[in-house]
Amino acid sequence: MNNTLTLRALEPDDLEVLYGIENDSDLWDVGTTNVPYSKSSLRNFILNTTNDIYADKQLRMMICAGEEVVGIVDLMDFDPKNSRAEVGIVIMKPFRRRGYALKALALIAKYASEVIHLHQLYAFVDADNVSSLRLFHQAGYRDESLLKGWLYDGCRYHDALLLQFFL
């Protein structure tokens with residue numbers, strides 16, 4: 001496996017990867033998705049995204065180790081007035097615990113700073129998600145607020161931490 005990590009725009013060939021990630025119900029508790037996506041809706045998303053965060057208010061990039069896609073990183077809820085965006089990241093199960101997530105967070109932070117000229121990135125993480133909290137802390141994100149009952153998993157509400165990273 002190539003350890004050279006890059007970020008790239010979505011391509012039509014990414015449909016199957018995107019379909020697998022978006023429809024992995026194990027990930028629904030850590031994000032805002034709670035319904036499956038059809039291939040048709042995801043194909044339309046890929047074809048209609050401009051890859052311009054100012055137009056789309058979000059940016060999705062594929063995380064690649066060499067030529068192989070290992071995950072996705074998103075900038076969403078882009079706020080141009082205040083120069084900030086929420087960051088989300090998913091590394092596919094076979095590629096976890098190889099340092100890809102930490103490298104990808106560094107790459108998206110560099111892109112956000114140097115290309116988009118953002119002032120800050122932030123993330124909402126379940127207070128019980130030790131792995132994600134460790135990742136974001138290692139990437140330089142700092143705890144700012146505890147949000148009581150912020151996330152709902154279908155059975156109960158979970159506290160979340162608002163984490164910030166200043167660029």
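**Helix, sheet and cavity**

A: Helix α5 (residues 130-138) lies across β4 (84-91), β5, β6 and β7, and runs at about 160° to β5. Helices (H or I, at least four residues) and strands (E, at least two) are DSSP runs, numbered from the N terminus. Contact means heavy atoms within 4.5 Å; axes are lines fitted to C-alpha atoms, for helices over the stretch in contact, with angles from 0 to 180 degrees between N-to-C directions.

Q: What kind of model is it?
A: This is a predicted model, in which local features need pLDDT of at least 70 and side-chain atom pairs count only at pLDDT 80 or more, while totals for chains, interfaces and linings use all residues. Residues are numbered from 1 along each chain as its sequence is written, and side-chain values use heavy atoms, leaving out hydrogens and water.

Q: What is the strand order of the open sheet?
A: The seven strands follow the order β1-β2-β3-β4-β5-β7-β6, with mixed pairing. Two strands pair if DSSP finds at least two bridges between them.

Q: And which are the edge strands?
A: They are β1 (5-9) and β6 (142-152), each pairing on one side only.

Q: How many bridges join β5 to β7?
A: Seven bridges join β5 (residues 120-126) to β7 (residues 157-166), and these strands run antiparallel.

Q: Changing topic, which residues line the largest cavity?
A: The lining consists of F45, T49, N51, Q58, L59 and R60.

Technical notes
1 Å grid on protein atoms, 1.4 Å probe; cavity = no way out; pocket = protein on both sides within 12 Å on 5 of 7 lines; lining within 4 Å.
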